[in-house]
Amino acid sequence: MKMSSVKEISADELKVGVSRVWIDTNNLDKVLDATSREDIRKLIGLNIIQRRDKKNHSNQRLKKRINQLSKGRRRGPGSVRGTKYARYPRKRRWISTIRALRDELKTLKEKEAIDRATYRKYYRTIKSGSFSSRAQLVSHLKTESLIKEDKNENNTSS
């Protein structure tokens, strides 16, 4: 039997591709004398014909790249794919802003720095998109004199 035929039958018996069949070169005469599948099964049993391990792809480069990205590297203009809003959608930006502002308003209400009516009014104002940050909201409330100063805060600063 030809070597290619032996390899094909061996691959079929081992349930792998032809490229993963390994034949011991020291016993080529036995391999070439094999005339049937039964003979090839015997050679497999004697470990003259073996199955090679799969070649695995290394993740080392991927891990290095991810590590660099976590440090903020590899993010220059040449690496930018997608528009500004594909990379950071308007809706996600809106959600993070609105949650921060509502959280600030809630903490002010819980500290009793603002009353319920002010809370309700500014909750609606925030929804309209009037404020872009916590600092801007607090600054506005102070200029409108709507934040009540704590007695404790006045004593600690004096």
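**Charges, helices and a buried serine**

Colleague: What is the relative accessible area of R134?

Modeller: Accessible areas come from the Shrake-Rupley method with a 1.4 Å probe, and for residues only the protein chains shown count as cover. Buried means under 20% relative accessible area, exposed means over 50%, and partly exposed lies in between. R134 counts as partly exposed because its relative accessible area is 34%.

Colleague: What kind of model is this, and how are residues numbered?

Modeller: This is a predicted model: local features need pLDDT of at least 70, side-chain atom pairs count only at pLDDT 80 or more, and totals for chains, interfaces and linings use all residues. Side-chain values use heavy atoms, without hydrogens and water, and residues are numbered along each chain as its sequence is written, from 1.

Colleague: How many salt bridges does the structure hold?

Modeller: Side chains of opposite charge can pair when their charged atoms come close. Here a salt bridge needs a side-chain nitrogen of Lys or Arg within 4 Å of a carboxyl oxygen of Asp or Glu. By that rule, the number of salt bridges is six.

Colleague: How far apart in sequence are D103 and R134?

Modeller: D103 and R134 form a salt bridge, with their closest N and O atoms 3.0 Å apart. D103 lies in helix 6 and R134 in helix 8 (residues 134-143), so the pair ties together parts of the chain. Helices are DSSP runs of H or I, at least four residues long, numbered from the N terminus. The separation in sequence is 31 residues.

Colleague: Which residue of helix 6 is linked to R134 across 30 residues?

Modeller: R134 forms a salt bridge with E104, the closest N and O atoms being 2.9 Å apart. R134 is in helix 8, and the partner in helix 6 is E104.

Colleague: Is E104 buried or exposed?

Modeller: D103 is partly exposed at 35% relative accessibility. E104 has 15% relative accessibility, so E104 counts as buried.

Colleague: Which helix holds both E38 and R41?

Modeller: E38 and R41 form a salt bridge, with the closest N and O atoms 2.9 Å apart. E38 and R41 are separated by about one helical turn, because they are three residues apart in helix 3.

Colleague: Which helix gives the largest share of the positive patch?

Modeller: A patch is made of residues with over 30% relative accessible area and no salt bridge; like charges are joined within 9 Å, nonpolar side chains (Val, Leu, Ile, Met, Phe, Trp, Tyr) within 5 Å. K106, K109, R116, R120, R124 and K127 form the positive one. Helix 6 (90-110) and helix 7 (116-127) each supply at least two of its residues. The largest share, four residues, comes from helix 7.

Colleague: How far apart in space are K109 and I147?

Modeller: K109 is in helix 6 and is partly exposed, at 32% relative accessibility. K109 and I147 are 38 residues apart in sequence. From C-alpha to C-alpha, the distance in space is 9.7 Å.

Colleague: Which residues does S10 touch, not counting residues up to four places away in sequence?

Modeller: S10 lies in helix 1 (residues 3-14). S10 counts as buried because its relative accessible area is 0%. Contact means heavy atoms within 4.5 Å. Not counting residues up to four places away in sequence, S10 touches V21, I40 and I49.

Definitions and conventions
Lys, Arg positive; Asp, Glu negative; His and termini not counted. Charge placed at Lys NZ, Arg CZ, Asp CG, Glu CD. Buried < 20%, exposed > 50% of the residue type's maximum accessible area, 1.4 Å probe, protein only.
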